[in-house]
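Here is a short briefing to read alongside the coordinates. Have the viewer open, and follow the topics one at a time.

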Amino acid sequence: MSIIDNIVSRFGFVSQRQFQQRVQEAVKIELDQKLPRFLGETADAYRNAMPDPMIYATQADLYRISSTLGTAIDILGGDMGTAKFNVKRMRGEDQIDIPNHPYEVLLRNPNPADSGLEFAQFKSANYKLNGNAIIWLNRESQTGIPDEMWPIPYFMVQPVPDKNLYISHYDYFPGNGKTPMRLETYEIVHYKTYNPENRFVGMSPIESLAVTIRGDLGMRKTSTRNYTDYGGSPPSILAFKDWVPDP
């Protein structure tokens, strides 16, 4: 305990750091009491067997190279971005609207760089492409109210399973080759689809469409080669008039 903590405690108060430690200890005790033992053992088994994050980068790149997939994702993202949303509370069996709830306001303006439309599109696209969507909450502690929400590409983040805590934290890979940054679980909202092989990450719907997408890309490549350069090297722009057939 630091000198400041000692002084503060004499007046009957606790520092912010002490408060966060107490919250974390309380959460650990709560998990120890409620987390089934088999889940802890499963988390321990998966700790060093998580999928390579670059798998999800490859899945996301299909958005760029597959026009069919890209169009479908764009349509979905547009629908999600323009959808109306409201926060409601339950009163008996009725739903009562809460005008301008803080979460509703935050969704409209999640952070200084993204609009509400961009945020919704990013989240829905990641969810459909990777089966996972990650949102980082800018808040000081586990009990704090988020001031901002930032979407993160899923291939840059990976949950770290833990025998006692189920998920210890999330590793963030900034892409510069340095040691991953630690993100606490209270900073992360993780949306994931059903995955029969892993409880900690979702399964991308692209995995079941991989053969179809590869075939589609192969046909496009063949068609492009056959109908642009007749199977040979692409001619220069200067020779355009020489290789385009007469009408």
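Leu69, Gly70, Ile73, Gly77 and Gly81 are the buried residues of helix H5, where buried means under 20% relative accessible area, exposed over 50% and partly exposed in between (1.4 Å probe, protein chains only). Seen down the axis of H5, these buried residues fall within an arc of 95°, so they line one face of the helix; the arc is that of the directions from the helix axis to the C-beta atoms. This is a predicted model, in which local features need pLDDT of at least 70, side-chain atom pairs count only at pLDDT 80 or more, and totals for chains, interfaces and linings use all residues. Residues are numbered from 1 along each chain as its sequence is written, and side-chain values use heavy atoms, with hydrogens and water left out.

- The face of H5 turned away from the buried side carries exposed Thr68, Ile75 and Thr82.
- H5 has 16 residues (67-82) and should span 22 Å at 1.5 Å a residue, which agrees with its end C-alpha atoms being 22 Å apart; the expected span is 1.5 Å times one less than the number of residues.
- H5 packs with helix H7 (residues 116-130) at an angle of about 135°, their axes being 8 Å apart. Axes are lines fitted to C-alpha atoms, for helices over the stretch in contact, and angles run from 0 to 180 degrees between N-to-C directions.
- That angle makes H5 oblique to H7, since angles under 35 degrees count as roughly parallel, over 145 as roughly antiparallel, 65 to 115 as roughly perpendicular and the rest as oblique.
- Residues of H5 including Leu69, Ile73 and Met80 meet a set in H7 that includes Leu117, Ser124 and Leu129; contact means heavy atoms within 4.5 Å.

**Helix H3**
- Leu39, Gly40 and Ala43 are the buried residues of H3 (residues 37-46).
- They cover an arc of only 100° around the axis, which puts them on the same side of H3.
- Arg37, Phe38 and Ala45 are exposed on the other side of H3.
- The buried residues of H3 pack against strands E5 (157-162) and E6 (166-172).

**Ala133**
- Ala133 lies in strand E3 (residues 132-138) and is buried, with a relative accessible area of 1%.
- The C-alpha atoms of Ala133 and Tyr191 are separated by 5.1 Å, with the two residues 58 apart along the chain.

**Whole protein**
- The protein has 9 helices and 8 strands; helices (H or I, at least four residues) and strands (E, at least two) are DSSP runs, numbered from the N terminus.
- Of its 247 residues, 31% count as buried.
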